[in-house]
Amino acid sequence: MRKLDYNKIGQRIRQSRKAKGWSQGELAEKCDISMSFLGHIERGTRIMSMDTFAAVCESLGAKADELLWGIPEPTETSLSGVWGHTGAKDTDYDSYTMYTKIMKSVAEIMSEA
């Protein structure tokens with residue numbers, strides 16, 4: 001099993017916050033935590049609860065995989081590049097979703113071996 005890197009998680013949270021043009025105070029308020037605690041989270045010096053992590057994800061509109069592991073959410077542009085189409089269709093997305101589920105399962109099996 002992979003170990004969480006809290007420094008990298010904090011960096012991703014900071015990058016996502018800054019991409020939205022928010023101050024630490026703005027994100028902290030949305031997550032109902034202190035600005036000081038958010039600073040610690042972004043520096044990786046404190047570990048947040050699952051409730052706080054969920055609030056951060058929801059406030060930033062980010063997926064957990066994106067913040068935990070740096071796995072971005074696929075966009076239509078990336079899907080069209082993967083499947084070789086100019087515009088992604090629902091069936092393309094369904095195929096991509098199935099592909100990612102299979103690959104995640106393979107990765108889990110490989111990490112257990």
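The helices themselves are DSSP runs of H or I with at least four residues, strands are runs of E with at least two, and both are numbered from the N terminus. The model is predicted, and local features need pLDDT of at least 70, side-chain atom pairs count only at pLDDT 80 or more, while totals for chains, interfaces and linings use all residues. Residues are numbered from 1 along each chain as its sequence is written, and side-chain values use heavy atoms, with hydrogens and water left out.

Back at the crossing, α2 and α4 have a right-handed arrangement. The term works like this: a crossing is left-handed if the near helix is turned anticlockwise from the far one by less than a right angle, and right-handed if clockwise. On the α2 side, the residues taking part are L27, K30 and C31, and they meet A55, V56, S59 and L60 of α4; contact means heavy atoms within 4.5 Å. Five of the residues in this contact are nonpolar, one is polar and one is charged. In that sorting, Ala, Val, Leu, Ile, Met, Phe, Trp, Tyr, Cys and Pro count as nonpolar, Asp, Glu, Lys and Arg as charged, and the others, Gly among them, as polar.

Leaving aside residues up to four places away in sequence, S59 touches K20, W22, L27, K30 and C31.

Now step back to the whole chain. The protein has seven helices and zero strands, and along the sequence the pattern reads α-α-α-α-α-α-α. Of its 113 residues, 26% are buried, where buried means under 20% relative accessible area, exposed over 50%, and partly exposed in between (1.4 Å probe, protein chains only). Among contacts with a separation of 6 or more, 48% join residues 24 or more positions apart. The accessible surface is about 7,900 Å², with 54% of it belonging to carbon and sulfur atoms; these areas come from the Shrake-Rupley method with a 1.4 Å probe, and for residues only the protein chains shown count as cover.

Which helices do the buried residues of α4 pack against? Their partners are α1 (6–19), α2, α3 (35–43) and α5 (64–69). The buried set in α4 consists of T52, F53, A55, V56, C57, S59 and L60. T52 has a relative accessible area of 11%, and its contacts beyond four places in sequence are I33, F37 and I41. After α4 comes G61, with a positive phi near 65 degrees.

Helix α3 has its own buried residues, F37, L38, G39, I41 and E42, and they pack against α1, α2 and α4. G44 follows α3 and has a positive phi near 80 degrees.

R17, in helix α1, counts as buried because its relative accessible area is 6%. Not counting residues up to four places away in sequence, R17 touches W22, S23, Q24, L27, L38, E42 and L60. Y6, also found in helix α1, is partly exposed at 31% relative accessibility. With the same exclusion of sequence neighbours up to four places away, Y6 touches I41, G44 and I47. Its C-alpha atom is separated by 8.1 Å from that of R46, 40 residues apart along the chain.

One last stop is the loop between α2 and α3, where D32 sits. Most residues other than glycine have a negative phi. D32, though not a glycine, has a positive phi of about 60 degrees. D32 counts as exposed because its relative accessible area is 70%.
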